[in-house]
Amino acid sequence: MPKVTIDGRTLEVESGTNLIDAANRAGVQIPHYCYHPRLSVVGQCRMCLVKIEGMPKLQTACTMQITKDGMEVTVDDPEVQEAQEGMMEFLLINHPLDCPICDQAGECGLQDYSFKHGQAFSRFRYSEKRTYPGRERIPLGSNVVLNMNRCIQCTRCIRFTEEISETGELGFFQRGARTEIGVFPGKELDNPLSTCVVDICPVGALTSTRFRFAERVWYLDKKPSICTGCDVGCNITVEHRRGAIKRLKPRFNEWVNDYWMCDYGRTTFERWEEGERLVTPRIRRSNGSSELVATTWAKAVRRVLDRLGNAADPEATAFVASADVSTEEAFLLARLAQAVGSSKRRVVVESGPERSIPTVHGVVSGSDEGPNRRGALLAGLEASTTDEMLAALGLGDPDGGGLELLFLLDPDLGGRESESAFLEAARRADTLVVATWLDGPLAEIADVVLPLATTAEKEGTFVNVGGRLQRFEPAFPPAGQARPGVDLLIDLLVGLEIGWRAGDVEAVFAQLAKENRLLAGLSLSDLPAAGVDLETERGEAE
Amino acid sequence: MAFEPILTRNIRHPEVLSVDGYRATGGYQALAKAYEMEPGEVIDQVKASGLRGRGGAGFPAGVKWGFIPKETGKPVYLVANADESEPGTFKDRLLMEKDPHQLIEGCAICCYAVGAHVTYIYIRGEYAEAARILEEAIADAYAAGILGEDSLGSGYRQEVYVHRGAGAYICGEETGMLESLEGKRGQPRVKPPFPALVGAFDCPTVINNVETLCNVPHIIQRGAEWYASIGTDERNTGPKLYCMSGHVERPGTYELPIGTTFSGLLETAGGMWRDGELKAFIPGGASAAILSAEHADIPMDFDNLAEAGSMLGSAAVIVMDQTTCLVKATARLAKFFAHESCGQCTPCREGTRWAEMTLYRIAEGQGTMADIDLLDRMMKNMSGTALCALADACVGPVASLVKNFRHELEACVEQNGSPYPERRYFSAEGAD
Amino acid sequence: MSGNGSGRLPAAIVDELARLAERYPTREALLLPALSMAQKHWGGWLPEEAIEAVAEHLELAPAKVYGVVTFYDLFHQRPVGRHRIRVCTNLPCQLRGADEILEALGDALGVGEDEVTPDGRCSYIHFECLGSCDTAPMMMVDEEYHENLTPESTRRLLEELD
């Protein structure tokens, strides 16, 4: 592997490594706007000019690939600094400097580099800036708004639609100082990944229709999570203010979603924000009573334990989760069924539209409505669709009957859970226990209602469509008295007095890892950031 | 000593527009001779001649041809740069309109030398007449068996196509031209890779200016030694077409040995127009630094002009007399560069427009002394930092204005506008 | 939007493009020739339907084609006069009185730059160097050069246009 020296630091890199990336690894930040590791190199913004030993002029780092030993690069240099200042000055000539009303403020490449590479005042005393009248807030489609006055013509967005989404809606129009980006008149930026152009826009030219003016970014707390939209399992960051999610952004994982996520995935938090949250446990006042009353967790858990204990036939109890549950929740649900003596433990997975993310290692596609079918299977649940599940449990028709208890864990079934047919079927069980975050129709008909934490409020793992085990963290504490499924399932298992001891997610994962060879030796807190490929890395080792 | 024109020898003989007429002057003999040689020998001859590119950069043509890799399994292309758009330049148009077969022959020899079978003559869209004449000449050459599957019975395939541009100066830049040929915006590419390796349609490509290619038949026909004997020295050889324009008595294209002095050129072109007094001249097109009258005796070749801080460029000599406001003249050139900037890279997109605005401000009396220093500083920021040479082209005249004619800028600031009254060429001078 | 047939390229252009296609290894390379032909067909400018027709025929994204159209000075996005006049005003022509030619033209036509005369006959713009500096001042009417102009000869020329 060739060696390169950057600001006196020598490191070995893979042949063909881009100089900007190599410098990053050496701890040297080379400022840039147009360069993006997944887009073609265009060398347009000229911010990344550096000094390279043996070359007469400054060179753009983004156009340099390290293929031979001995390249010597200087970034910390007066000449380089002067060039950077020069570029910043050029870029700011026409920039409106409207940071106070700009959504990008706080995460803006212009602000960041002005601070580092600019000067405190402008030498351009003329007030006339180039403007694009009428082009200050152009919707490019339903998700993205363009303010051309702020654009620095880096063309990342154009290259994204040409090279990543391969839809080509955006173009570079006119030339010279009048150059602008846009869509063809009458057409829209309309592809499943369209909001990614907002993520890669280094300035405030492209903003998200949904997020615009929702919150100043410096008020946002950010936590790593996994998208629940489908089984691709895009790595995301949940950005919230005091528990109110403002947006989901893609988090880099070259094996799953690279730098991207789909527009649909970005909306998945809205159901938590918009749906009525269930915040207290509830139980029926008495058997057969029509009245649901608020209660304590202890009483609710006791009621569930009573009903389980009273079941005449353990096989007439069923434990059903959606594919939104974590692997750890699925594992505990399977153990609960096992402890009770029921073989009916299922994960319900509905198919949705296929969602695809192009990555550097190929396209990752998923079509499950939930993120964790594979994790649930791994944990010992059996997969079926909603209809298959209802039929198998004898709930499909009025005469099927005979189920004494149905335990539904996070029944997030793509809307099916609120349909009357499903409600009727579920109600055919003598006792209906529902652990859910949604105070919806299903909660109204249940005998015991347990308020559940959402994915954003809990910790655990999902296994994506490709078999990659990935960890997510809680972004904020659960609403009200809601609890993560792991906590309430442990309560039930402890309550059964079968020797189960209280513990946390970490301990549950450790137990799972002990029992499952695919996970052998793994611990939750030490999972690598990119997750673990159970299929090829671990499957073959078996 | 009278110089016998070489490239322009036929321009007053319309009969050379036909293959037969061109052949009667010895045309296409050089191509036949080239086919008798090994391709490598042809390249060697061109190298030995010292021929340097006539488009502006002055890169040795033979060396360029030598960069074409052999046996890559990909086709090799020749793109003849007929996008002549450098203000003040009109020589290539003359060559194409008056002696198209000379260009076709040069292209064919080049193709043979580098292993190409296809030439695209990329001609600026405005040159409709030249394109028409070329198309006719090409058709004639196909009919005569000079082009086609079996060129002159050599077994070598030669195809020549005219590709018309659509109005963009930047397409004269090699890689902007390639982009345009491929049907895209003419935005120059990042280099390396250079066109010799990755050019038109991702294939090895030679790009030569029309005048450069027109020299080739003569080099092959009369020998490198003969060719190299013309000019200043071994680095500046051959005949050169100088385009004289502006305040000269007889504007036009003048073919002279490279290195002829400016004053010699001016004399050939009949001296100053209407008995004006020489104030300044631009020796190599709008991108070249403006030189003052003191430089009148400079030999007009690559190296002498470079030494004087300017360049031979396209040898478009724009002459200005004492009535010319150099601030306004330079502002007009900056306006041109701002208009023609492709817009993709920061220093050029922003810098050219900024230079245009500032110069007009100063010319109109709105400028300050600080603006002059800022102008200087901005030119430094644009210099050598852009993706292609267009930003540097703008720096050429503007930086020279600040450096060589600062007093004119200062006068505009001090007198609240240009001290030169607007010249009326027709009504006031009664020349209409 | 195209697709209703009216936006499609006329057969003559399609045929000519098929002939030219043999010259190039890619279809995209036909874009400039295609746009030039389409512009002639659509009366000297390229309305959106023309751009879409070309994009569709060459299987290119309309945004890409639009980017190309707006890049080149010889493609027009607005209606132009039957005669399109381009006056060179770059330095070499300016040094021989080009500004006065432009003035004379404006006075004679009674419209501003890039506007069409009420009778639809002419539109004019100032232009960059047209490579005819030895015959300055000059202008291009449609595809023809007119050289060594004076304000008087310019006016005469306009009268002779149909």
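Which residues of α2(A) meet which residues in α3(A)? In this predicted model, A:Gln84, A:Glu85, A:Met88 and A:Leu91 in α2(A) meet A:Leu110, A:Tyr113, A:Ser114 and A:His117 in α3(A).

**Chain A overall**

- Chain A contains 16 helices and 28 strands.
- Along the principal axes, the C-alpha atoms of chain A fill a box of roughly 85 × 55 × 35 Å.
- Of the 542 residues in chain A, 50% are buried.
- Among contacts in chain A with a separation of 6 or more, 65% are between residues 24 or more positions apart.

**The helix pair α2(A) and α3(A)**

- Helix α2 of chain A spans residues 78–93, and helix α3 of chain A spans residues 109–117.
- The axes of these two helices come within 10 Å and cross at roughly 135°.
- Because of that angle, α2(A) is oblique to α3(A); roughly antiparallel would require an angle over 145 degrees.
- The crossing of α2(A) and α3(A) is left-handed.
- The residues that α2(A) brings to this contact include A:Glu85 and A:Met88, while those from α3(A) include A:Tyr113 and A:His117.
- Sorted by class, the contact of α2(A) with α3(A) comprises four nonpolar, three polar and one charged residues.

**Contact between chains A and B**

- In this interface, 25 residues of chain A are in contact with 24 residues of chain B.
- Helix α2(A) gives the most to the side of chain A that touches chain B, contributing six residues.
- That side of chain A divides into 13 nonpolar, eight polar and four charged residues.

**Contact between chains B and C**

- Here, 46 residues come from chain B and 37 residues from chain C.
- On the side of chain B that touches chain C, at least two residues each are supplied by the strands β3 (159–164), β7 (239–246), β8 (252–257) and β11 (316–321) of chain B.
- The helices α8 (174–181) and α13 (326–340) of chain B likewise each supply at least two residues to that side.
- Helix α13(B) gives the most to the side of chain B that touches chain C, with six residues.
- By class, the side of chain B facing this contact with chain C has 20 nonpolar, 15 polar and eleven charged residues.

Key
Residues numbered from 1 in each chain as written. Chains lettered and ligands numbered in written order. Predicted model: local features only at pLDDT ≥ 70, side-chain atom pairs only at ≥ 80, totals over all residues. Contact = placed C-beta atoms within 7 Å. Helix = DSSP H or I, 4+ residues; strand = E, 2+ residues; numbered from the N terminus. Nonpolar A, V, L, I, M, F, W, Y, C, P; charged D, E, K, R; others polar. Axes fitted to C-alpha atoms, helices over the stretch in contact; angles between N-to-C directions. Parallel < 35°, antiparallel > 145°, perpendicular 65-115°, else oblique. Left-handed = near helix turned anticlockwise from the far one by under 90°. Buried ≥ 20, exposed ≤ 12 C-beta atoms within 10 Å, placed from the backbone.
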